[in-house]
Each structure stands twice: as structure tokens, then as C-alpha cells.
Amino acid sequence: MIAVIDYKAGNLTSVKWAFAALGVDAVVTHDPHTILGAERVVFPGVGAAGAAMQSLKDLGLHTVIRDAAGSGKPFLGICVGTQVLFDASEEDGGVECLGLMPGSVKRFTPSDPSTKVPQMGWNQVNVARPHPLLDGIQDHSEFYFVHSYYPDVSDASHCVAQTDYADVTFSSVVGRDNLVATQFHVEKSGRVGLRVLENFTRWNGSSC
Amino acid sequence: MLTKRVIPCLDVRDKKVTKGVKFQDNVVLGDAVELAAQYYEQGCDELVFYDITASAERRPIDIEMVQEVAQTVHIPFAVGGGIATLDDMSRVLLAGAEKVSLNSLAVRNPDIIAEGARAFGSQCVVLGMDPVKTDDPAFPSGYEITIRGFRERTGMDALEWARRAEELGAGEIVVNSVDADGTRQGFELELTGLIARNVGVPVVASGGAGNSRHLAEVFTQAGADAAILAGMIHTGEFTIPDIKRDLVRAGIPIRQTW
């Protein structure tokens, strides 16, 4: 069973339907026992990092997520769920995050005023190193992004794939042991997105 | 590189997709969920649904249809028509839509934009506008906002309204030219470019798409981030793969793998 963590930070309907399309049993929950007992954990998120961290603390889930991530089970972050895995985010005047992924989350500051922030739409994901999550995914495939802030890893070996936007090349997929996380919305990225989710359901969580 | 988005628009009435010219003479083209699935398989980048009678009939939009679409297509889609309150927005988003499109009702109550952005995030709140060309010097941009499917003029300048909507928290603006709508003679490049150059959020061009060249023009000349198509694909005259191939050939960044 897959636990999709519901911490009132956005809409989990598309995540639910994406797993349903794959015929996979996914439970949307904020119950610590269900999360810790699940075979795999998905940690999504939409909105601002500050609000997300506050919701996690209010529900007592920040420690549950650390425990789930530390247990060795396959753990997938998506979008803001990915961002709050890092040490800190520049959003909301600076937010201390979960510290599970070394690095920080920074705001896009394009030099060209015609570059829109947020980045909204489909952009290429360029593979930096092999990872079971990206099995069968053609290099440079496009995925759906909506974000104003991007992950900046402090250890380059955690970068699984990269994307270019607003003068920066950022890590659009990061991985460390049993943690893997995407900045793009894998659940809204059509067939390639479903393939990534399917890969996650087959991954045993070991680093490659 | 961020690609330009190609977005089929489905005008829906009782779960059927219809198409009219200048908001009139609607003909039925097919089942909304089936057409959505077909365009998804063909590689469209996003979808937009307008429940065209919901607003006029003062009733909420068809949530069951939104749920069926969300179960079928795994790409972002927006829903508009008859959305008046935060509750309406919440229902549509929880049914699986990525965005809600506010139009006439946002003109009457602009605060709904700010309330929606605060509650759900700007990325969920799209402002749709229907500007019409005017020679009246009271409108500095040369375009006046209309509502209720062109039936009513508002006295509001199109560019001023776009800027105000961005300030209020709209995350994207759909510019639907009343003059070009349904003509299939090309997008209103002047209007689209004017809005795209003057707001910081993505701008979606709408109204007038008749062939691939029209899309190429609105991306390169007007700086649109996305383009909406309807009649040209609904009739089967063009398919999304055809259009995307033409756009790639024209050197436009387009999503090619799906």
C-alpha cells in the first residue's frame, strides 16, 4: 500500500487518480500509523513552503515524515513536498525545512523581464545520472512544472536530473538513498508522468 | 526550455461540446469527456472547459463532468463558467481541475480573484477576459472588456483590467478576442501582445485560431505563452500532432514526447 500524505497543502485528487489509472492501491492520509506502516510514501504539496511547514507541524507530521524517510522505505516528494525536504527555503522570508536533503530552495530571478515567474508549463528534464525512477523515460522528455522557487542541491551527487529556466540549471529530480523527489508534477505529466509513478511503485528504495 | 502550450478549448453544455461563432449559433460536436480523452492521447498540453450556460443560468458548473475528466486525463485542465464563490472554486479544484477560470463574475466582484489566490494559490486562479476593439478614447488600450458572452460592455479598459487582475493574484490571463472569436482568421496579435508585454504572469491567446501559422504568429509576434484552439481541431480539419509538427518546423519550442 502507498500512503499519500495529506497535510492540507493542496489538492491530492490528481495524485489519487494517477495511481488509480495504474491500478495501484494508494491511500490519502494524515494518520501517522498508516504512513509509517505503508510500503511506500508519497509526499506531495502545492502552495508556499512556509504554509506547508506550518501545516506539517500543526498536524505533528514533520517528525512522522523524518521517521518514514529514515526507515528506508521508498519515499517520493512532489513539488512543494520536494522543496520542504531541503534544509531551508527562501520563500516567505526564509523558512527552515525538514533537512532531509542537503541544500536550499531559491527564488527564480530572471534577468530578462519577459521571463515569467512562476515557470508554468512543460519543460525538459535532462538526466544527470541513472535512477530507477526514470527507467524507460527518454532523456529530455517534458514534464509539467508550476513553481517560483527551485531546489539547489549542495551535494551534486544528489542531482538525478536537471532543467533549465530563468538563467539557472536546477535539479528537477533529486535522490538520496531511499528518497527521490521531483520538482515537476509527475501526476499531471501525462504518460511520461504515469511511467515515473509506475517506476516508483516498483522501486525497492535502494540507491543505484 | 519551457515549451509553448497548445490548449484545446471545450465549450460544454450538458456534457456536450459545442462551438459557435462570436458566442452564437452553437452546434454540438461530441461528448466532452470523450473529446478530452482523444486530445489527451494526441498530446495536447492542457485543456480548458467552459460550461457556457452555467453563468447565464446562474447555476454551478457540472462537477460530475469535472471528476470524469480528472479520472481520464493526467494533464492540467482549467474549468470556467458560473464560478462565483470560493465554495464553487473549491469544488472544482477538489474534483481534480488544476485551475479555475474566472470571467464575468470577477468583473462584478474582483475580490474573488484575491480570495481565490489566498485560499488555493495564484497558480489555480486564471482570469479570462473577452475584450472588444473600440475607437472610444475613453479606453487607452483600444479594447473594452465585455462580459456574459459579449452581451454586455463593462466600461473597463482591457489592459487596466489585466494589470489589476495580476495585482489581485491571478496566476494566468486568458485573452479571448471577441472580434477574432470563431472567425478562424488568426489571433488578435495586437491585443495579445499588448497584454503579454505588460503583465508578469503567463498569457494565453484565445479566439481566431484557424491554422498552424496562426499559432506560430501568436507565439513569436505576440509573445503568448500558450494558445487555445477550438473549431480547427473540433471539426477534424487539423489534429494536434499536425499542428505540433508545423510549430516545431517553425522553430517554436513545443512538447514533442508524450
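This is a predicted model: local features need pLDDT of at least 70, side-chain atom pairs count only at pLDDT 80 or more; totals for chains, interfaces and linings use all residues.
Buried means under 20% relative accessible area.

Go to Cys124(B), which is in no disulfide. The nearest cysteine sulfur belongs to Cys79(A), 11 Å away. Cys124(B) counts as buried because its relative accessibility is 9%.

**Nonpolar cores**

Next, select Phe43(A), Val84(A), Leu47(B), Phe77(B), Ile113(B) and Leu215(B). These residues have the most contacts inside the largest nonpolar core, which has 151 residues. Center on Val84(A). Among the residues it touches are Phe43(A), Ala49(A), Met53(A) and Leu98(A). A second, separate core has ten residues, including Cys9(B), Val126(B), Val204(B) and Ala226(B).

**Salt bridges**

There are 23 salt bridges over all chains. Start with Arg191(A) and Glu41(B), at 2.5 Å from N to O. This pair crosses between chains, from helix H6 of chain A to helix H1 of chain B. Arg191(A) is partly exposed at 43% relative accessibility, and Glu41(B) is partly exposed at 44%.

Move to Arg5(B) and Glu172(B), whose closest N and O atoms are 2.9 Å apart. Arg5(B) lies in strand E1 and Glu172(B) in strand E10 of chain B, so the pair ties together parts 167 residues apart in sequence. Both Arg5(B) and Glu172(B) are buried.

Then pick Lys133(B) and Glu190(B), a salt bridge at 3.7 Å, N to O. Strand E7 holds Lys133(B) and helix H7 holds Glu190(B), so this pair links parts 57 residues apart in sequence. Lys133(B) is partly exposed at 41% relative accessibility, whereas Glu190(B) is exposed at 51%.

Finish by selecting Arg5(B), Glu46(B), Lys99(B) and Glu172(B): salt bridges with shared partners join them into one network.

How values were computed
Residues are numbered from 1 along each chain as its sequence is written. Chains are lettered from A and ligands numbered from 1 in the order in which they are written. Side-chain values use heavy atoms; hydrogens and water are left out. A nonpolar core is a set of buried Ala, Val, Leu, Ile, Met, Phe, Trp, Tyr and Cys residues joined through side-chain atoms within 4.5 Å. Buried means under 20% relative accessible area, exposed over 50%, partly exposed in between (1.4 Å probe, protein chains only). Contact means heavy atoms within 4.5 Å. A disulfide is a pair of cysteine sulfur atoms within 2.5 Å. A salt bridge is a side-chain nitrogen of Lys or Arg within 4 Å of a carboxyl oxygen of Asp or Glu. Helices (H or I, at least four residues) and strands (E, at least two) are DSSP runs, numbered from the N terminus. Lists of a residue's contacts leave out its neighbours within four places in sequence.
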